[in-house]
Amino acid sequence: MSNKFVEAITPREENFSRWYTDVVLKAQLADYAPIRGCIVVRPPGFAIWEAIQSGLDRRFKETGVENAYFPLLIPESIFTREAEHIEGFAPEVPWVTHAGTEELPERLAIRPSSETIIGTMFARWIQSYRDLPMLVNQWCSVLRWEKATHPFLRTSEFLWQEGHTCHETEEEARERAVQMLHIYREFLEDVLAIPVISGVKSDREKFAGAVDTYTVEAMMQDGRALQAGTSHYLGDGFARVLDIQFLGRKGELEYVHQSSWGVSHRLIGALIMVHGDDRGLVLPPRVAPNQGVIVPIYRDDSRDRVLGEARALREELAEAGFRIHLDEREEYTPGWKFNEWEMRGVPIRIELGPRDLDSDQVMLIRRDTGEKEPVARDALADRTTDLLEEIQSGLYRRALAFRKENTYAASSVEEIIEIMGRKRGFVEAGWCGNDACEVEIKEKTGTTIRCIPFDSTEDPGVCPACGESGEYRVIFARAY
Ligand SMILES: [Zn+2]
């Protein structure tokens, strides 16, 4: 049996970052593009993105959101209208200046986010309170010029969705922002099996142009935090500069209150870093493009019999609603195939050989634990249902236990430094609410406030920087 794939992946303990890159490249999720900071999402990676996309898209639409598409290019005069927004994005915005050899009369920004272009259109479409709420989402890519590339986590161009909504009141817009954050949380936990902490960003960490940024934060296996999704209450700031006004119920012109919210293909990075192991990717069944793979094992004299049965089995499982692949490739050995599908994270492997046929059974192997079990042929569909559920919930429980084991309390900067030096993770501590303390902690420990959890008010503890009693209990961590 060939161990070539397994040997090619750097163990996590040795170098987590290299392990991550190995999994991305060897599982063919992505490859480096010949453009600075860009990746190519390859078919196995894109299939995961499509599964994420369809799951979220359905959830958005259930709340009344509709999809649309806006231009990639934003005229400078529109892009620069909201001061904080342009200030936040300015260093990473690429500009289009020429068409052929001719210089354009106005520079065009390649969108880093679409608040300004979408808001400009909202201003045309919204006249009265009867036009509200307006709930629009677009699936697209955006560009933010990055110095260093980390596949899926930080790339110049990335795939995402951005939702943009307009409402009559602050209350409604905030409700929408929180509602969408809860959709992200539910999707991450129930489908991606990734436990998250939801809460609010500090002013320093919030989105450029937002009044408040809500976030879901997940812990990776190296103890670092990954911001998995954000949702913003934008207030009426964009509405005022873009003139998004409506005739209100009292007959007066009012500015709309807005929300925007997004997740990106960094969720694929989160899946890798939360569930993966030294053999490669481990995919939760609900998001896995292939939930199971059938590997037939035969010699020349049993080939037809085994393959015939394997095809019937695939048919049967597909009809029962499972996403099952039959690996019929002749040029690879079963051992090679085992390693390859393990590396690609397929939740269940089904082995089928002549002896299995004789005893009317198949062998099931779980990707997450490696456990093998023989299953009677006629019980296979039922057992597969149960096993996929066990894997799904097992992955979530394992990730949650890991986060708990790697979450520490601290009441001084020294303690945070000690925790970060010994073993990275989340640090729960009080925070007085002062920006100066946040900056000091960041400079001395390399950690940032990931969020002020929604349930943070009870007994905040002291601020590690100033020692005053905290206003909030917050999560500090190093982050991707
Ligand atoms: Zn303080």
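**Entry 1. Contacts of V200**

I began with the meaning of a contact: two residues are in contact if their C-beta atoms, placed from the backbone, lie within 7 Å. The model I examined is predicted. I then looked up V200 and set aside its neighbours within four places in sequence; V200 is in contact with D212, T213, Y214, C451 and I452.

I noted that V200 is found in strand β9, which covers residues 197–200. Is V200 buried or exposed? I found 22 C-beta neighbours inside 10 Å of V200, and therefore V200 counts as buried; the cut-off for a buried residue is 20 or more. I also looked up one pair: V200 and E440 are 240 residues apart in sequence, and their C-alpha atoms are 20 Å apart in space.

**Entry 2. The chain as a whole**

I next looked up the secondary structure, which comes to 15 helices and 23 strands. The radius of gyration of the chain is 25 Å, close to the 23 Å that the globule rule gives for 480 residues, so the chain is as compact as a globular protein of that length. Along its principal axes, the C-alpha trace spans about 80 × 55 × 50 Å.

How many of the 480 residues count as buried? I recorded 43% of them. I also took contacts between residues at least 6 apart in sequence; of these, 68% join residues at least 24 apart.

The domain assignment gives domain 1 (4–275), domain 2 (292–390) and domain 3 (407–477). I looked up the C-alpha centres of domain 2 and domain 3, which lie 49 Å apart.

**Entry 3. The largest nonpolar core**

Which residues have the most contacts inside the largest nonpolar core? I found that this core has 115 residues, and that I194 and A228 have the most contacts inside it. Helix α7 (residues 170–190) gives the most to this core, with eight residues.

**Entry 4. Strand β8 and its partners**

I looked up strand β8 (residues 157–167) and found it mostly covered, as nine of its 11 residues are buried. Strand β7 (residues 134–143) runs antiparallel to β8, and 10 bridges join the two. In this pairing, M134 stands opposite C166 of β8.

Strand β14 (residues 257–264) also runs antiparallel to β8, joined to it by eight bridges. Here T165 stands opposite S259 of β14.

**Entry 5. A sheet of three strands**

I recorded an open sheet of three strands in the order β4-β6-β5, with antiparallel pairing. Its edge strands are β4 (73–75) and β5 (95–99), each of which pairs on one side only. From one strand to the next, the twist averages 45 degrees.

Between β5 and β6 (residues 102–110) I found four bridges in the antiparallel sense. V96 stands opposite L108 in β6.

**Entry 6. A sheet of five strands**

What is the order of the strands in the open sheet of five? I read it as β16-β15-β17-β18-β19, with mixed pairing. The edge strands are β16 (324–326) and β19 (372–376), and each pairs on one side only. Neighbouring strands of this sheet are turned by 25 degrees against each other on average, direction ignored.

Two helices were then looked up. Helix α10 (residues 303–319) packs on the sheet and touches β15 (292–296), β16 and β17 (348–352). The direction of α10 makes about 170 degrees with that of β15. Helix α11 (residues 334–343) also packs on the sheet, touching β15 and β17. For α11, the angle with the direction of β15 is about 170 degrees.

**Entry 7. Bridges across β17, β18 and β19**

I traced the pairing strand by strand. Four bridges pair β17 with β18 in the antiparallel sense, and the bridge partner of I350 in β18 is L364. L364 in turn has E373 as its bridge partner in β19.

Strand β18 (residues 361–366) pairs with β19 over five bridges, in the antiparallel sense. I365 has K372 as its bridge partner in β19. I finally looked at the turn: β18 and β19 form a hairpin with five residues between them. Within that turn, G370 has a positive phi of about 80 degrees.

Note on methods:
Residues numbered from 1 in each chain as written. Predicted model: local features only at pLDDT ≥ 70, side-chain atom pairs only at ≥ 80, totals over all residues. Rg over C-alpha atoms; globule rule 2.2 N^0.38 Å. Buried ≥ 20, exposed ≤ 12 C-beta atoms within 10 Å, placed from the backbone. Pairing = 2+ DSSP bridges. Axes fitted to C-alpha atoms, helices over the stretch in contact; angles between N-to-C directions. Domains from an automatic or database assignment. Core = buried A, V, L, I, M, F, W, Y, C linked by C-beta atoms within 7 Å.
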